Amino acid sequence: MKIILLGAPGAGKGTQAEIISAEYKIPTISTGNMLRETVREGTPLGRKVKELIDAGIFVPDEIVMDILKERLARADCRDGYILDGVPRNVEQAETLERMGVEVDRVLSIEVPDEEILNRLTGRRTCPHCGSSYHINYNPAADGVHCDRCGTELVIRADDQPETIKRRLATFHDQTEQLKEYYYAKGLLRIVIGQEEVADTTKETLKALREE
């Protein structure tokens, strides 16, 4: 099964990717992990990617696609894969098609923006040990300090409400076009994110099995 996962930040896409990966015995290939692996390899391309990331510059599409092409050629992708974070836009989708990358299903995991705002703005992170909490779903014992090391918890810059709203606006602008692109090809399936992860998983696996 060759799958593309679409979903806004905070929609639970990463969690569902892990479950699908275990269910179908196929790897999840995320743009972020793929680029970090390239950097760790220390090749000339890896050093170039590191320079761009350190400078806060988006890695150009052509570099992302070259790295992806190499990744999909590995043995663990023979029986399928999950693409998470790519394609980001219709141009990348068209490039994938020209590269001969096959897709069986495109799943769009959809959660209302208000719920995503609630999920992300409630996150708290320990700047010392990296532990994560949520004021509603996984609060620290005293609500202020890390249970593990006692450091005062912080709100990450990308979890600030205005930052999240900008990310969501960008996501919707790009993804709505992608959804139309894959709908026209008969590949798109919509999964409505549920309050419980298990219920979202049930809907996700059902969508994958639909003809």
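How much accessible surface does the protein chain have, and what percentage of it belongs to carbon and sulfur atoms? The accessible surface comes to about 11,900 Å², and 50% of it belongs to carbon and sulfur atoms. Areas of this kind come from the Shrake-Rupley method with a 1.4 Å probe, and for residues only the protein chains shown count as cover. This is a predicted model, in which local features need pLDDT of at least 70 and side-chain atom pairs count only at pLDDT 80 or more, while totals for chains, interfaces and linings use all residues. Residues are numbered from 1 along each chain as its sequence is written, and side-chain values use heavy atoms, with hydrogens and water left out.

**Overall form**

- The protein chain contains eight helices and seven strands; helices (H or I, at least four residues) and strands (E, at least two) are DSSP runs numbered from the N terminus.
- Along the principal axes, the C-alpha atoms fill a box of roughly 55 × 45 × 30 Å.
- Of the 211 residues, 41% count as buried. Buried means under 20% relative accessible area, exposed means over 50%, and partly exposed lies in between (1.4 Å probe, protein chains only).
- Taking contacts between residues at least 6 apart in sequence, 66% join residues at least 24 apart; a contact means heavy atoms within 4.5 Å.

**Charges**

- The protein chain carries 29 positive and 37 negative side chains, and the centres of the two sets are 3 Å apart.
- Lys and Arg count as positive and Asp and Glu as negative, with His and the chain ends not counted. Each charge is placed at NZ of Lys, CZ of Arg, CG of Asp or CD of Glu.

**Nonpolar cores**

- In soluble globular proteins, nonpolar side chains tend to be buried together.
- A nonpolar core is a set of buried Ala, Val, Leu, Ile, Met, Phe, Trp, Tyr and Cys residues joined through side-chain atoms within 4.5 Å.
- The largest nonpolar core has 29 residues, of which Ile29, Leu68, Leu72, Leu83, Val106 and Tyr182 touch the most other members.
- Two or more residues of this core come from each of strand E1 (2-7), helix H2 (31-41), helix H3 (44-54), helix H4 (61-72), strand E3 (81-84), helix H5 (90-98) and helix H7 (161-184). H4 gives the most, with six residues.
- A second, separate core has 12 residues, among them Leu107, Ile109, Leu205 and Ala207.
- Leaving out residues up to four places away in sequence, Leu83 touches Ile3, Ile4, Leu5, Ile29, Leu68, Leu72 and Leu96.

**Backbone features in loops**

- Val86 and Pro87 are joined by a cis peptide bond, with omega about 5°. Pro87 sits in the loop between E3 and H5.
- Lys25, in the loop between helix H1 (13-24) and strand E2 (28-30), has phi near 60°, a positive value in a residue other than glycine. Lys25 is exposed, at 68% relative accessible area.

**Two glycines**

- Gly80 lies in the loop between H4 and E3 and is buried, with a relative accessible area of 0%.
- Beyond its neighbours within four places in sequence, Gly80 is in contact with Met1, Lys2, Ile26 and Pro27.
- Gly100 belongs to the loop between H5 and strand E4 (105-110) and is partly exposed, at 48% relative accessible area.
- Gly100 and Lys69 are 31 residues apart in sequence, and their C-alpha atoms are 9.6 Å apart.

- His145 is in the loop between strand E6 (132-134) and H7; with a relative accessible area of 31%, His145 is partly exposed.
- Not counting residues up to four places away in sequence, His145 touches Ala140, Gly150, Thr151, Glu152 and Leu153.
- From His145 to Ala207 the separation is 62 residues in sequence and 41 Å in space, C-alpha to C-alpha.
- Lys165 is in helix H7 and counts as partly exposed, at 42% relative accessibility.
- Lys165 and Leu117 are 48 residues apart in sequence and 7.8 Å apart in space, C-alpha to C-alpha.
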